[in-house]
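Me: Hi! Could you walk me through this one?
Reply: Happy to, have a look at it first.

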Amino acid sequence: MAASPTSRLCELHTARGKVLLTYRMRRNSRARYLRVSVRDTGEVLLSVPARTSDSAAVDFLRSQGDWIMQALSRAPRPANLLEHLRRQPWISAGGVKLTVEVGASRTRTHWVANVAQGLVIIRCAEANGDPASGLRDALVEVGASLLPPHVMTLAKEVGVEVDRVCVRNQRTLWGSCSSRRTLSLNWRLVLLPPELQDHIIYHELAHLTHMDHSERFYNLLQRYDPRSPEHDHRVSKLSPQLMALGR
């Protein structure tokens, strides 16, 4: 009977270069051969006979790197944060896109950002039982570090006072604001293009003047963001996909 698979990380050497992959290893007493498969969800599953060592199984997985990449390219876009960043290797901060490099760490998950060079480097702990969770936590920290200064810059440009900016892991909301002039933003804002990220921030800044969705609110929002209707439509189309990431 197959054991319950757990998420793991593996760095593959492919024709495209090094790729950090999330996969699941499943031991099966009935299996006679090592087998790797890619599901419709984009999940990579490594089936391992009971007596095969972990190291031999990982060596086999690495030998299938190019095939795996081809199979993933044919799979539908999955709700997987690591896969999302592999296909779209950037985040937004400070009004610009920053290239994201994701790799493995033998110790702990950590990150470093160099906005001047347009680069964010994230290293995920190999020993982490849930690599996607470690990557999500790193991006929450990135958002908490880089989003508040940008909010303050935009607030100053439109002449609005903000007392505090919080970055959280909301399940459905992009942002909210309180009468105490606190903005609460979803960390997934970093996954939006800069102009859409700014649209969400402007939306919350406009609420500091009009705490409703009245005509006055939308008129003010369009002053802050002249392309507001277009940007709102684009955010609505992207929301289901992005809100599913990092759950």
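Me: In what order do the strands of the open sheet come?
Reply: The open sheet has 4 strands in the order S5-S6-S8-S7, with mixed pairing. Strands here are DSSP runs of E with at least two residues, helices are runs of H or I with at least four, and both are numbered from the N terminus. Two strands pair if DSSP finds at least two bridges between them. It's a predicted model, where local features need pLDDT of at least 70 and side-chain atom pairs count only at pLDDT 80 or more, while totals for chains, interfaces and linings use all residues. Residues are numbered from 1 along each chain as its sequence is written, and side-chain values use heavy atoms, leaving out hydrogens and water.

Me: Which strands stand at the edges?
Reply: S5 (90-93) and S7 (110-114) do; each has a single partner strand, so one side of each is left without a neighbour in the sheet.

Me: And how do S5 and S6 pair?
Reply: In the antiparallel sense, over 4 bridges. They form a hairpin with 2 residues between them, and Gly94 in the turn has a positive phi of about 65°. Ile91 stands opposite Leu98 in S6.

Me: What about S6 and S8?
Reply: S6 (residues 96-105) and S8 (residues 119-125) run parallel, joined by 7 bridges. Ala104 stands opposite Cys124 in S8.

Me: New topic: what does Ile91 touch?
Reply: Leaving aside neighbours within four places in sequence, Ile91 is in contact (heavy atoms within 4.5 Å) with residues including Leu85, Val120 and Leu139.
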